Amino acid sequence: MSVLVSRRGLLAGGGAIAAAALGTGIAVARILPGAMQPLIGPGYKPTDRDEIGLWQQMERVEEEIAGSNLLIKDPGLNDYLRDLIGNVGGPAAKDMRIYLARIPEFNAVMFPTGFAVVFSGLLLRMRNEAQLAGVIAHESAHFLRKHQIRQWRDVRRKTDLLAIAAMGAGVAGGAAGVYTGDLARLAQLGTILTMLRYNRSLEAEADAMGVRLLADAGYAPMEMSRTWEQLIGELDASAKYRRKKRDRGYSLFSTHPAPEARMADLKLSASEVTIAGRSYEDHRARYLRAIGAIRPTLLDDQVKLNDPGASQYIIDTLAQDGWNGLLRFYEAEVWRLRNRAGDDARAAQGYAVAVQYADAPADAWRWHGIMLQKAGRRAEAKYAFAHYLSVAPDAPDAPFIRQQLQFL
Amino acid sequence: MRRLIIAATCAAALSACVQTKQYADVQFAPPEGEYKLLVMRPDVSVGSVTTGGLVEPRADWTEQSRANLLAALKAQQASRGGNVLILEKRDGLATMGVNSDTVAELERLHYAVGASIALHRYSGAYLPTKRRKGLDWTLGQQAVDLGRRTGYDYALFLHAEDSFASTGRVALQVLGAAGCIVGFCAPNIGGGGQFAYASLVDLRTGEVVWFNVLQAGTQIAGISMGDIRKPEGAAQMVDRLLNRMKPGREVQRAMKASGQ
C-alpha cells in the first residue's frame, strides 16, 4: 500500500527545509576580532589533495594575471602596495603578492594561493593609507583563514548531500509511488542559500580579522568602517541621479553582508581592538605621495564612466580633506559631460575656479580657454590658451591652439 | 525480460559516445613532407567528479596527463616526418629571440579567437557572413611575425580536459540505476568525460587553417571513454584529435577532379 501525500503537503515540507536551511534570519552575527587566529603560518604550502589541485589551477591564473596588459606597472606604486601587504599581512605577509589592475571599480580580490588583485578604482576612493590598508588587511584575512578552500569544501559537502538526498528521496518516492521532483527542487534552492550564507559568514570573518591586523600595524582601525560609509554614500548618490533606489540586493542571494551591517560591525570591532594610550595613524600624506602620479588617470577613468552621481560624490568625499586644482578640474568635467540644463555655465565656472590653484592640470587651462572663447571673452581666452601652451607645449592639440590664437 | 535487457543496453550505448568535429579553411591541405611545426604549450586540466557533480582539479593527474600527452604528440609527429618543436614552457623560444611575453600574448590571442570559433562553429551561434567559408579566422600579423622570427610553418594549439567519477559519484549512479526497479529511474546522471580541441595556425599567413573538437563522455558515471592519465589513453586522444586531418573543400574538389 502506498502512502498518499498531497502535492501541496510536499511543497510545504520542502519550504520548511529551505527555511530551516536559512536559519533564523539573514543577518550574520558579528564575529569577534579576538577570536580570529590565523590558520596558516609563514611559507604555507598545501598538503591536502583538493587544496593541491586548487593551487595548481591558481598558479596558471596568476601567470595570466601577472602578464595581463591591464596591470599598472609603475614600479614605485607596486613597491608601495607590496610594503602595505607586508605590514598588514600577518604571519603570511612575506608570501603574498599584490597586483594593481586598471579597472575603475571599487574592488579587490584575494586568490587561494595568496595573491591579491587591487582595482585602480579602489585607490581613487581611499582617502588615506589606513583605508587602503584596511581593504588589503581584509583580503589578507581571506588567505590567512584559508577561506577559499573552506568555501570549496563547504560547497562540495552540500552538493554531495543534496545529490544523495535527491536520489534517495527519488528512489524512496518511487517505491512509495510519490513524485518528489518539487521537493528536490526546493531542497536545491535551500542548498544554494546555505552556500551563500556560509560565504557571508566568511566575509564577516575577514572583516573581523582585517580590522585587527590593521590596528596591530598601527593604522587607525575606525577608517575601515568609514570606507563602508563612503561606499554606501556613493551607491546612494549614483542611484539618486538616475532617480532610482540603491540596489538593496544584499540579502538572501548575496555573497557579502549588507554594507550597513558591515559598517556597524566594523565600528564595534574597531573600538574593541583599540588599545588605550597607543597612537594610530592614517598616513594620508604618504598615501597621496604614493598615488600622486596616477591620480589624474584614476579621476579621468571614473569621470568617463558616465555615472555623474557617483563621480561627484567621490570628488566631494576626497575634497573633504581639502580642494585642489585637480579635484576642481574633474568636478567641472563631471558637469560638462553630464550636460544637463545649465551645466555648461557650471562647468565654465568650475574651470575658472580650478585654474586659481597652482596645481591645476594643463587641461583645466585648455577648457577654461575654450569656455571663455565661447562666451566671447577673447582677451581672457587668449591668456588662458597661452598659459595652456606654456605648461603643455607638446600637447597633441598644441599646433591647433597656436593657429587659433592668431584669430583671437 | 530479454527485451528489457536489450533496451537497457541500447540506452547505455547511446548515452556513451566519442565525437570529433573538424573544420578547415577551404584551401587547406594537411601538412606533409618537409614542414616545421611548433606545438604551443598544451593547456591540460584533469579532475575528479564529486558525488554532487562538481569537478575538483587534481594536480597529480594533471601533471601525469600533460607528460603523457607530450610523449604521445612526439611519437605521433615522429611518424609523420615533420620537424617538430614542442614548447613545454613559454620561454622555449628564447634562443630564437622570442621571449615568453610574446608567446603568452599569442596564446591569449588564440584563446580569444578559439573561443569565437567554438561559439560560431560549434555552439550554434552561426554567422551568416561565415557561411560556406569553411574556417575563416586569423591571428593576424602577430602569428606571421612569430613564423618569420622562428622559421616555423605551423603552430599547433592544444587544450585538453578530462575528469573521472569519484567513488561517491559511481555509488550514486548505482543507486540511480537500482531505482529503475521501483520506477524511479536515473540511469544516466553523468560524471566524467573528455573535452579537447586542437587548432592549427599557418604561420606564413596567420590564418587558423584547421580546427578540431573532441568530446568523449558518457552519461553513466563510472564508465570512461578514454583516460589520458595512462600513456595509451593519451595516445588515443592525440590520434582522435590529429590523425584524421581532412583537406579543405576546394582542395577536396580539386582532388576529385584530378581523379585521385
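1. Which residues have the most contacts inside the largest nonpolar core? This core has 81 residues, and those with the most contacts inside it are Val88(A), Ala116(A), Ala133(A), Ile136(A), Leu214(A) and Tyr351(A). A nonpolar core is a set of buried Ala, Val, Leu, Ile, Met, Phe, Trp, Tyr and Cys residues joined through C-beta atoms within 7 Å. A residue is buried if 20 or more other C-beta atoms lie within 10 Å of its own, exposed if 12 or fewer, and partly exposed in between, with C-beta atoms placed from the backbone.

2. The model is predicted: local features need pLDDT of at least 70 and side-chain atom pairs count only at pLDDT 80 or more, while totals for chains, interfaces and linings use all residues. Residues are numbered from 1 along each chain as its sequence is written, and chains are lettered from A in the order in which they are written.

3. On confidence, the model scores ipTM 0.77 and pTM 0.81. Chain B averages a pLDDT (the predictor's confidence in each residue, from 0 to 100) of 83, and 87% of its residues score at least 70.

4. Leaving aside neighbours within four places in sequence, Leu214(A) is in contact (C-beta atoms, placed from the backbone, within 7 Å) with residues including Val88(A), Ala133(A), Tyr219(A) and Met224(A). Another core lies apart from the largest one; its 49 residues include Leu69(B), Val103(B), Leu146(B) and Ala160(B).

5. Met224(A) is also one of the buried residues of helix H8 of chain A, as are Trp228(A) and Ala237(A). Helices (H or I, at least four residues) and strands (E, at least two) are DSSP runs, numbered from the N terminus. The 19 residues of H8(A), 223-241, should span 27 Å at 1.5 Å a residue, which agrees with the 27 Å between its end C-alpha atoms; the expected span is 1.5 Å times one less than the number of residues. After H8(A) comes Arg243(A), with a positive phi near 55°.

6. Chain B has seven helices and nine strands, and 39% of its 260 residues count as buried. Arg108(B), in helix H3 (residues 100-122) of chain B, is partly exposed, with 14 other C-beta atoms within 10 Å.

7. Between the chains, 23 residues of chain B are in contact with 21 residues of chain A. H5(B) gives the most to the side of chain B that touches chain A, with four residues. By class, that side has nine nonpolar, eleven polar and three charged residues. Here Ala, Val, Leu, Ile, Met, Phe, Trp, Tyr, Cys and Pro count as nonpolar, Asp, Glu, Lys and Arg as charged, and the others, Gly among them, as polar.

Methods: Contact = placed C-beta atoms within 7 Å.
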